[in-house]
Every structure is written in C-alpha cells, then in structure tokens.
Amino acid sequence: MSDKPSALADSVKTEFRYAWNAYKNYAWGHDALKPLSKQPYDWYDRSLLLTPVDAFDTMLLMGLSREAGEAKKLIFDSLSFDRNIEVQAFEIIIRVLGGLLSAYQMDGDRRFLALAEDLGKRLLPIYNSSTGMPYRYVHLQTGRIRDSINNPAEIGTALLEFGTLSKLTGNPVFFDKAKLALVQVFNHRSRIGLVGTWINVETGEWVNKSSHIGGAIDSYYEYLLKAALLFNDHDCNAMWEESIRVVNQFVADSSAGKLWYGQADMNTGQRTGTSFGALDAFFPSILALGGDMTRAEKLLESCFAMWRLHDIEPEQLNYLTMTATAKQYYLRPEIIESAYYLFHYTGDKKYQEMGEVFFNSLKRYCRTEAGYAYLEDVTTKEKADKMESFFFAETLKYLYLLFAPKETISLERIVFTTEAHPLRKAN
C-alpha cells in the first residue's frame, strides 16, 4: 500500500469533511446536495434532513465532534414528522429511523429516541394488509397507505430498526409487525425455496417470479441473518439457513472460473439471466457474516474484477460477456462494505489494498467543487448532479473503517443495518 492504513483513514475523514462542508454551504437544512449545480434537493415537499440524520453516526465514529454537534442541533431544531407528505416507507426506515436509533445508542440524547418513536408510530399503518406484509407508501399525518405491489427487500428490511425500537421503548408492536412481514415473505417462497421480485401484499400472489440477490430482494436475505444475530432470533436463523442453501443451489453461477450470482426462475430454478451489479456486491459481506468465507472471498474477487473493468464499477454488467449493461455509478458502498467485512474476518491486507483502489477511483472520477457526484456513465466518466445521503452513511463509513484501528467499532457487539447504522446486539 502506498500509505499506511492510518494515513488513509485520515484521508477518508478529510474527504468526508469536504463533502459535508459542501452540503453545509449549499444545501443546509435540506435532504441532499446536488453537487454540480450547487443546489439543495428534497425528496418531498418538506425536508426530512436525510443527509444529517444518515451521516450523524459516521461523524461520531470518525471523531468529528464539531460536525456532529452542528448536525445534532439542526436535527433537534428542524426535524418533524408531523408533515403533510407521503413517504416511501423502506427508504425512510433505513435512512431516518435507523439513523435516529444509532444516534441515540451512540450519543445518548433521548430526543433522538423520541423522534424515532414518533416516526415508528407514523409508519405502522403500512402493515395493515391482509397478509401482514407492508404497503410501500404511507402518509405521515393521515396514515393513508398505497401500493400493494411490493418486493421482498422493502417488505423484509425493517426488523433491525423496528426491533431495536421495541427494545428501547418497551413496546413490542414494532418488532412483532416487522417480524411477521419477514416471516410472511419466507412463507410465500416457492416449492423449491426461492422468492420472486414482486408480490401483491393483499393476495400473496407473485407478480414477478425472477429470483436473485440484487435490488428488490437483496436486504431481505441480509435481514434474515442480521436479525438472527442482533436479537438472537432462532426463527430468523432457521429461515436464513434454509434460504442461503437454495440461493447457493439455484442462483449462484460461474463464468470463466469466477463465482457470480445471476437470475433464476423462482419455481423451476432454471437460469433466466446473467446480470450482476453494484447492489449485488453486498453479498460477500453476508456470506462472510454467515461464516462462508470460501464463497465470500471468491465472490469479492468477481466484484473487484467488475470494478477494474472501467476503474469504477457499473450499476450492472453481464458477467458472461463482462460488459456493462447499466453504466451508472451511484456512489454505492456495497463493494467497500464487503472488503471491510473480509478484512475484519481474515486480516488479509489485500482487502485494504482494494479499498485504496476504490478510494482513489472515487477521488479521481467523482470529486467536484462541491462534494461528490455520481457518474452517469462509467465508460466516459460523465458526472450526474446528485450526492445521496448514503454516501455519508455507508460509502465513506465503510472506507474509513477499512483503514481505521479495529477497535473503532466491534462487529462482535453491533450489527450494521443495510444503511450501515450500527445497532447494539441484545444482551
């Protein structure tokens, strides 16, 4: 490595501060920054402070106390969920609810928990379906819900956050509803044990029967394992073990000696696609967390080959031809997350060397006068005008932790949510 890890950790911290200052200068009080036009961006009519809430625990981990203090003051001065807006429950759960819960556990200010509980109660109506699987959208004031066609990831990615909220408030309703939803996805698996991409939460009928580990399914599998670890939940552990067995049987694939995970028909197991992308690159971390280091290391090598193709990963490629089929790079964290987990479990410095490649690519192609921009096209390196909150919550956090002293955080004592918010394991 050209720099020792501590110097790289400091460099990541410097880039975090650089991007945060750009947010402060051009988008303060808004959800996110558009770095090319230097304009603020809000998801809805009123800001829910996605960037400050999502970024807060990263600041604490990095020891950025001044920035954390600024974010905390903004959150308590301005954040309210009594808003006349309809939100996508999944995104608000992982970014805002998860961010508030980790903020409370790390900072200790009960106002974080009060905000989390208020938000949790406003999100509960999504579970008012005949199956217990949630609707996708809810109005924060009226509780009006809509969109009964949902996917396993959005249905199943709430138990870490809602379960922690139950643990901290003593109210079991959050855990119970989120766990039922997760169990119901599992109960609707096919005869051979696979789940599809889209399901009607009222009828339980699958609308799209493609099975894979990518977007719309990914964090369903992640939360089966992580809920088992966070809450010592035996049901979730049993569902994880059954699920990973059939995923490895039907979804895993190989090409040119490399391990990949493609697409298969949920009912027959027949191969239907050979796409793999930036979102799928989380899977080595889950394989490692589940104890399958052999597959984890092989798959991360494949992910790294995807990154090296254009010196930065495409959103999606065809792994048979090794050609990009979706050419954006959205500043995604998943490949960095996997490198962090594999370095944690193996101590092999090649994963830090991978991290240095990722970091250098980010600085070379995505850095702008005001923060970082995602790429519209990894082949031309054309930039696009958005810097999502997960760049602070996940991408820079995992990069920092990959180089920081191991005692910065303990994977034995916490579980990271899908948005990289650390939550403490049950005692």
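Helices (H or I, at least four residues) and strands (E, at least two) are DSSP runs, numbered from the N terminus. Ser219 sits in one such run, helix H9. The model is predicted: local features need pLDDT of at least 70, side-chain atom pairs count only at pLDDT 80 or more, and totals for chains, interfaces and linings use all residues. Residues are numbered from 1 along each chain as its sequence is written, and side-chain values use heavy atoms, with hydrogens and water left out.

**Helix pairs**

- Two packed helices are described by the angle between their axes and the distance between the axes.
- Axes here are lines fitted to C-alpha atoms, for helices over the stretch in contact, and angles run from 0 to 180 degrees between N-to-C directions.
- Angles under 35 degrees count as roughly parallel, over 145 as roughly antiparallel, 65 to 115 as roughly perpendicular and the rest as oblique.
- The axes of helix H1 (residues 5-27) and helix H15 (residues 390-403) come within 7 Å and cross at roughly 165°. H1 is therefore roughly antiparallel to H15.
- The crossing of H1 and H15 is left-handed (the near helix is turned anticlockwise from the far one by less than a right angle; clockwise would be right-handed).
- On the H1 side, the contact (heavy atoms within 4.5 Å) is made by Pro5, Ser6, Leu8, Ala9, Val12, Lys13, Glu15, Phe16, Ala19 and Trp20. H15 supplies Phe391, Phe392, Leu396, Leu399, Tyr400 and Phe403.
- By class, the H1 and H15 contact holds 13 nonpolar, one polar and two charged residues. Ala, Val, Leu, Ile, Met, Phe, Trp, Tyr, Cys and Pro count as nonpolar, Asp, Glu, Lys and Arg as charged, and the others, Gly among them, as polar.
- Helix H8 (residues 173-187) and helix H9 (residues 218-231) have axes that come within 11 Å and cross at roughly 135°. H8 and H9 are therefore oblique to each other.
- The H8 and H9 crossing is left-handed. Phe175, Leu182, Val185 and Phe186 of H8 meet Tyr220, Tyr223, Leu224 and Phe231 of H9.
- The contact of H8 with H9 has eight nonpolar residues, no polar ones and no charged ones.

**Helix spans and burial**

- Buried means under 20% relative accessible area, exposed over 50%, and partly exposed in between (1.4 Å probe, protein chains only).
- The expected span of a helix is 1.5 Å times one less than its number of residues.
- H8 has 15 residues and reaches 21 Å from its first C-alpha to its last, close to the expected 21 Å.
- Buried in H8 are Phe174, Phe175, Ala178, Lys179, Ala181, Leu182, Gln184, Val185 and Phe186. Their cover includes H5, helix H6 (152-156), helix H7 (159-169), H9 and helix H10 (234-251).
- Helix H5 (residues 110-123) has 14 residues and reaches 20 Å from first C-alpha to last, close to the 20 Å expected. Its buried residues are Phe112, Leu113, Leu115, Ala116, Leu119, Gly120, Arg122 and Leu123.
- H7 is mostly covered, with eight of its 11 residues buried. These are Leu159, Leu160, Glu161, Phe162, Gly163, Thr164, Leu165 and Ser166.

**Positive phi**

- Most residues other than glycine have a negative phi.
- Leu49 has a phi near 55°, a positive value in a residue other than glycine. Leu49 lies in the loop between strand S2 (39-41) and helix H2 (50-62). Leu49 is buried, at a relative accessible area of 2%.
- Ala216, also not a glycine, has a positive phi of about 90°. Ala216 lies in the loop between strand S9 (210-211) and H9. Ala216 is buried, at 17% relative accessible area.

**Single residues**

Contacts below leave out residues up to four places away in sequence.

- Ser219 is buried, at a relative accessible area of 2%. Ser219 touches Phe90, Ala153, Thr157 and Thr418.
- Lys177, in H8, is partly exposed at 29% relative accessible area. Lys177 is in contact with Leu124, Tyr127 and Gly132.
- The C-alpha atoms of Lys177 and Asp147 are separated by 18 Å, and the two are 30 residues apart along the chain.
- Gln141 lies in the loop between strand S4 (137-139) and strand S5 (145-146). Gln141 is partly exposed, at 39% relative accessibility.
- Gln141 is in contact with Asp82, Arg83, Asn84 and Arg122. Its C-alpha is 8.0 Å from that of Phe81, 60 residues apart along the chain.
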